[in-house]
Amino acid sequence: MADYFSELGFRPLAEGEVPDHGAHLLRLLRDSGNFDLLQMFVELRGEGGSSAPAASKAAVQALPLVQPLENENCAVCLKNYDEESQCRMMPCKHKFHQECIFTWLKQTNSCPICRKELPTDDLDYEAIRKHKERESERNQQLESLHNSMFS
Ligand SMILES: [Zn+2]
Ligand SMILES: [Zn+2]
């Protein structure tokens, strides 16, 4: 007989395995919309450094290959481009050697020059980012409402 727990996708822990309370907690915070706490946990996870996760592999692969100008140089390695350089362009139009930017985007999801972000595969990080976007939209709406009422 299939028991209740295995139907729900639970399985007994293997020997030496510990339950992943962290992941459950983060999902709970995400689902309940507790973004302040969620952000705190995501920052803690970043070990005091940057809390930004790697860019999504699909987003990185989708960066267009471009032909650099010869007098330009790559902001990651600071070397000039030559004819053989394979370059990729970020959505912000900044260009880098393919190798340089691919390595960079495994560490963080933002442009080395202007810090504009690429999407990530990190559900927690994306939830916080969407929340912030919604907040700033709402603030803008409030501001324009305020301006239309009081000016
Ligand atoms: Zn480079
Ligand atoms: Zn940029």
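This is a predicted model: local features need pLDDT of at least 70, side-chain atom pairs count only at pLDDT 80 or more; totals for chains, interfaces and linings use all residues.
Four donors count as tetrahedral if all angles lie between 85 and 135 degrees. A donor is an N, O or S atom within 2.8 Å of the metal (3.2 Å for Na, K and Ca), and water is not among the atoms, so sites may look incomplete.

The zinc ion (ligand 2) is coordinated by Cys92 (SG), His94 (ND1), Cys111 (SG) and Cys114 (SG), at 1.9 to 2.3 Å. This arrangement is tetrahedral because its 4 donor atoms subtend angles of 105 to 115°. The spacing of these donors along the chain is C-x1-H-x16-C-x2-C. His94 lies in the loop between β2 and β3, and Cys114 in the loop between α5 and α6 (123-150), so the pair ties together parts that are 20 residues apart in sequence. His94 is partly exposed, with a relative accessible area of 23%, and Cys114 also counts as partly exposed, at 36%.

Ser110 is likewise placed in the loop between α5 and α6. With a relative accessibility of 6%, Ser110 counts as buried. Apart from neighbours within four places in sequence, Ser110 is in contact (heavy atoms within 4.5 Å) with Met90, Trp104, Leu105, Arg115, Lys116 and Glu117.

The protein has 6 helices and 3 strands, and the pattern along the sequence is α-α-α-α-β-β-β-α-α. Helices (H or I, at least four residues) and strands (E, at least two) are DSSP runs, numbered from the N terminus. The 3 strands form an open sheet in the order β1-β2-β3, with antiparallel pairing. At its edges are β1 (65-66) and β3 (95-97), each of which pairs on one side only. Two strands pair if DSSP finds at least two bridges between them; β2 (residues 87-89) is joined to β3 by 3 bridges. Met89 stands opposite Lys95 in β3.

Helix α5 (residues 98-107) lies across β1, β2 and β3, at about 95° to β3. The axes behind this angle are lines fitted to C-alpha atoms, for helices over the stretch in contact, and angles run from 0 to 180 degrees between N-to-C directions. Gln98, Cys100, Ile101, Phe102 and Leu105 are the buried residues of α5. Their cover includes α4 (57-61), β1, β2 and β3.

Of the 151 residues of the protein, 28% count as buried. The protein exposes about 11200 Å², of which carbon and sulfur atoms supply 54%; accessible areas come from the Shrake-Rupley method with a 1.4 Å probe, and for residues only the protein chains shown count as cover. Among contacts with a separation of 6 or more, 44% are between residues 24 or more positions apart.

Residues are numbered from 1 along each chain as its sequence is written, while chains are lettered from A and ligands numbered from 1 in the order in which they are written. Local features need pLDDT of at least 70 and side-chain atom pairs count only at pLDDT 80 or more, whereas totals for chains, interfaces and linings use all residues, and side-chain values use heavy atoms, with hydrogens and water left out.

Technical notes:
Buried means under 20% relative accessible area, exposed over 50%, partly exposed in between (1.4 Å probe, protein chains only). Four donors count as tetrahedral if all angles lie between 85 and 135 degrees; four count as square planar and six as octahedral if opposite donors are over 155 degrees apart and all others between 65 and 115; anything else is irregular.
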